[in-house]
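Please have the sequence and the model open beside this note. Follow each point on the screen as you read.

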Amino acid sequence: MTTTTATTSPATAPRRQPDLRRPSLFRLTGVELRKLVDTRAGLWLLIAIGLLAAALVVVQLIWTDAADQDFANFFLPTLLPVGLLLPVLGILSVTGEWSQRTALTTFALVPRRGRVIAAKLAATVLAALASVLVGLAVAAVGTLVAGATGGAGTWRFEGTLLLHAIVFQVINVLMGVGFGLLLLNTPLAIVGYLLLPTIWSILGGMIRSLEGPARWLDTGRTMEPLLTPDVTAGQWGRLGVSLLVWLGVPLVAGLIRTLRREVS
């Protein structure tokens with residue numbers, strides 16, 4: 001009795017399916033961080049943030065009284081101008097996909113657009129945190145120089161001020177992302193972000209009937225207490241209401257638009 005062994009030729013052998021795994025949010029965030037510096041605009045914007053923070057400390061060393069040359073006074077002036085550039089970075093992180101026509105590739109590789117948007121949000125928040133670290137670093141250098149050149153050079157700094165600075169910069173960059181998602185066009189989003197709150201702030205100061213609502217909806221007023229160590233419960237409440245309008249609405253509406261927009 002003979003037995004035959006069946007053999008399978010390579011041509012008829014079942015092919016092994018590749019192990020396709022969904023990229024983790026951590027990996028997607030790393031990709032989005034690289035995208036922030038891959039474009040010339042994003043790279044120069046990050047460089048400008050660092051140079052601006054350093055320049056402000058130099059101005060403080062030259063023009064302010066020696067008694068005022070301490071760590072807190074070096075750190076605080078870096079928040080406002082850097083906070084104006086961070087939203088532009090947030091806008092570019094979103095609108096760059098459409099202006100450079102890379103959205104088709106991005107969403108083909110990661111079909112779930114919500115994961116891509118979440119990664120962009122995480123990357124821009126990390127950029128905001130990095131800007132705070134840059135501000136702390138240049139303030140530390142300024143304090144050392146001040147101490148060596150006859151300035152106060154004191155290191156007194158309240159921890160709540162650091163927390164408020166982080167909240168301040170994260171809010172700014174997320175507002176930029178919200179306008180970017182809503183408009184999906186770089187010039188339009190930048191102009192809209194800079195112009196609409198400014199117009200509202202001007203109207204709130206000129207028209208008496210708008211003074212009351214402006215105290216709750218003008219982010220220029222509601223975010224100002226974050227530049228101080230102490231923020232009251234009422235100030236937090238007004239900040240929350242203004243962010244619901246200028247951050248929550250654009251972010252949610254932009255998310256819906258981005259998830260539904262046809263990529264071509």
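Predicted model: local features only at pLDDT ≥ 70, side-chain atom pairs only at ≥ 80, totals over all residues.

1. Residues are numbered from 1 along each chain as its sequence is written, and side-chain values use heavy atoms, with hydrogens and water left out.

2. A cavity is a set of points, on a 1 Å grid over the protein atoms alone, where a 1.4 Å probe fits but cannot get out. One cavity of 30 Å³ or more is counted. The largest cavity holds about 50 Å³. Here a volume is the space filled by probe spheres set on the points, and grid points are joined across faces, edges and corners.

3. Which residues line the largest cavity? They are Val-94, Glu-97, Trp-98, Phe-107, Ile-117, Lys-120, Leu-181 and Thr-258. Lining residues have an atom within 4 Å of a point. Helix H4 (79–99) and helix H6 (113–148) are the elements that give two or more residues to this lining. H4 gives the most, with three residues. Helices are DSSP runs (H or I, at least four residues), numbered from the N terminus.

4. The cavity lining divides into five nonpolar, one polar and two charged residues. Ala, Val, Leu, Ile, Met, Phe, Trp, Tyr, Cys and Pro count as nonpolar; Asp, Glu, Lys and Arg count as charged; the others, Gly among them, count as polar.

5. Now the open space. A pocket is an open set of points with protein on both sides within 12 Å along at least five of seven lines. The largest pocket has a volume of about 400 Å³. Its lining has 17 residues, and Leu-84, Asn-172, Tyr-193, Thr-219 and Gly-220 lie nearest the centre. H8 (186–206) gives the most to this lining, with five residues. By class, the pocket lining has nine nonpolar, six polar and two charged residues.

6. Next, a helix pair. H2 and H6 pack at an angle of about 25 degrees, with their axes 9 Å apart. Axes are lines fitted to C-alpha atoms, for helices over the stretch in contact, and angles run from 0 to 180 degrees between N-to-C directions. H2 is therefore roughly parallel to H6 (angles under 35 degrees).

7. Finally, Ile-47. This residue lies in helix H2 (residues 40–63). Ile-47 and Val-37 are ten residues apart in sequence and 9.8 Å apart in space, C-alpha to C-alpha.

Methods: Parallel < 35°, antiparallel > 145°, perpendicular 65-115°, else oblique.
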